[in-house]
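The sequence and structure are shown first.

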Amino acid sequence: MCGIVGYIGKEQAAPFLLDGMSKLEYRGYDSAGIAVMEGSKIRLEKCVGRLDALRAKIAGDMPVGTIGIGHTRWATHGRPCDRNSHPHADESGKFVVVHNGIIENYLVIKEELLAKGHVFLSETDTEVVSHLMAELWDGDFESTVKKILKVIKGSYSLVFMTEHEPGKIICTKKDNPLVIGLGEGENFIASDIPAIISRTRRTFIMSDGEIATVTADGVWVQDINGTPISKKVFVVNWNAEAAEKGGFEHFMLKEIYEQPKAIRDTMTGRVDKENETITFPELNWTSEGMAQINKIFIVACGTAYHAGIVGKYYLEQLARVPVEVDIASEFRYRSPLIDSNTLCIVISQSGETSDTLAALREAKKLGARTLGVTNVVGSAVAREADQVVYTYAGPEIAVASTKAYTTQILAMLMLAIYVGRLRNTLAEDRAKELVRGLGMVPEQVHELLENVDQIKVFARQYASCEDAFFLGRSLDYAVALEGALKLKEISYIHAEAYAAGELKHGTLALIVEGVPVIVLATQSDVYDKTVSNLQEVKAREAVVIAIGFVGDENLKKYADSVIYIPKTDKYIAPLMAVLPLQLLAYYAALTRGCDVDKPRNLAKSVTVE
């Protein structure tokens, strides 16, 4: 998944495709490719690496044609390499597709097509779509696309070309963005506005389930039943830099608002809503194998370490396995007690974090089974761990991690439910209850992100403070750690998180009049004790901002202000409770005039010890 560009018109397609793809480079990618209708044939050119590698490959022999599609790939299925790069074609080369998202049932489709004699060249989920197009071809481009949409499951933006109808490009989407740009005698397709803003500002956004047939002279939009759809055209008034951020002021804010999609993508293929179960096809663990595990280490750095602390609560309480969480830079220097019945889980957004890799290698040397949780396919963690679970957060540009964190804790919760059922430590009814709750999360997160005015006010009020404290118990304490890190790393406010029960053991000496204290109160089993701790800091005249569930009127009695999150299960609450903390940090940094996306002294991926 990553960037899509399409062109149909009167000018040469290849130069525009390359230029449009370059405007999407900020999203991050590992390979690139284009398909151009050259005469009556589709010419495919693609390669691993940066766009410069693709330009070098076709220098002096640029595809000639006025219709084409292009793609920059962020790997989700199959490592980065030439054959896994987009676009993908069937073996005849007559049907070509580019795709963002995940085809959830691709393995089933692939097995059926293999049995019919289709030959696949890549490891990707996308290639099944081009073969399916060939298999279902009925002589009509639009009709065939509709047949495909009735077969595939998952999330996607799809753009199709075929030699059989060379004057058309057809595109459709579900849960992944797609934009149509309108010109004079030419039209454009893109996954994001920056790719086309240099050529047109007249655009419309595709909605889920819509199918657009794009020609040089016009665009026809319909639903799967053929009902015409009238689209409202809007004129983009952003400049190119703002367009890269989707109209958001910073990448961090854009990535905060991408969390509903990131959460949905990470659940795709793993959360079976129909049967209310969790599955990890990539792991295929057994009850017997899990019964042998007597200890789990979770090893990570920074934000990923905080996700690991949440994961400890999940695995211990749902799967009933003892868990230790280690900072990666400490793990290998303390001679950890590890054997063949130990599972070591390493978490890293980039999959290249130096300390985490060193810890992974140490765990393997000591005989542990290893599992990598990472966002980057083909990364060092993915290559070196025995098995890997990918978080499908997509590229994260801002240094301060947001959507990577939420997808990491989501992965840990799904893993705990999965292992809990395998070990028979989690009752089936309870597991189903959690799965139902997870199914509601993307919409609940979207709802929460639509109401942030109160958070903006708090951030402006307290941005001048030089100290802040975050308190919580149980899972709330784990989330408080991440909230404090976000505030200190981008606003430069000194912030500390404490387990609320530790207040009397020293921390209370720092609570003075006017100091902001953010108290998380989402865990029912420790709720009363948390409220008691809240009253302790309020008695010292701190300014208390509480975070609790919608409907909790009790918090208003004791806190100066309350930020409400949608009501959910206590184990799912961290996915929601962290969002106000991310936004508080963002708006505080904005108020203080800090460089939000590139905080001082920090880097996105820490590849040195």
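## Pockets

The second largest pocket holds about 1,000 Å³ of space. A pocket is found on a 1 Å grid over the protein atoms alone, as an open set of points with protein on both sides within 12 Å along at least five of seven lines, and its lining residues have an atom within 4 Å of a point. Grid points are joined across faces, edges and corners, and a volume is the space filled by probe spheres set on the points. The model is predicted: local features need pLDDT of at least 70 and side-chain atom pairs count only at pLDDT 80 or more, whereas totals for chains, interfaces and linings use all residues. Residues are numbered from 1 along each chain as its sequence is written, and side-chain values use heavy atoms, with hydrogens and water left out.

Of the 41 residues lining the second largest pocket, Pro177, Lys254, Tyr257, Glu258 and Lys261 are the closest to its centre. Helices H7 (251-257), H8 and H15 are the elements that give two or more residues to this lining, and H8 supplies the largest share, five residues. Helices (H or I, at least four residues) and strands (E, at least two) are DSSP runs numbered from the N terminus. By class, the lining of the second largest pocket has 21 nonpolar, seven polar and 13 charged residues; Ala, Val, Leu, Ile, Met, Phe, Trp, Tyr, Cys and Pro count as nonpolar, Asp, Glu, Lys and Arg as charged, and the others, Gly among them, as polar.

The largest pocket has a volume of about 1,300 Å³. It is lined by 44 residues, of which Ile102, Glu104, Thr268, Gly269 and Arg270 are the closest to its centre. Helix H3 gives the largest share of this lining, four residues, and the lining divides into 17 nonpolar, 13 polar and 14 charged residues.

## Cavities

A cavity is a set of grid points where a 1.4 Å probe fits but cannot get out. Helix H19 contributes the largest share of the lining of the largest cavity, four residues. That lining comprises 16 nonpolar, no polar and one charged residues.

## Nonpolar cores

A nonpolar core is a set of buried Ala, Val, Leu, Ile, Met, Phe, Trp, Tyr and Cys residues joined through side-chain atoms within 4.5 Å. Buried means under 20% relative accessible area, exposed over 50%, and partly exposed in between (1.4 Å probe, protein chains only). The largest core has 101 residues, and Trp285, Ile345, Leu438 and Phe470 have the most contacts inside it. Helix H19 (residues 573-591) gives the most to this core, with 14 residues. A second, separate core of 28 residues includes Cys2, Tyr7, Val179 and Ile193.

## Helix H4 and the cysteines

Helix H4 (residues 127-136) is largely enclosed by the rest of the structure, because seven of its ten residues are buried. Its buried residues pack against elements including helix H3 (106-115) and helix H5 (141-151), contact meaning heavy atoms within 4.5 Å.

The structure holds zero disulfides, a disulfide being a pair of cysteine sulfur atoms within 2.5 Å. Cys301 is in no disulfide, and the nearest cysteine sulfur, that of Cys344, is 12 Å away. Cys301 is partly exposed, with a relative accessible area of 22%, whereas Cys171 is buried at 0%.
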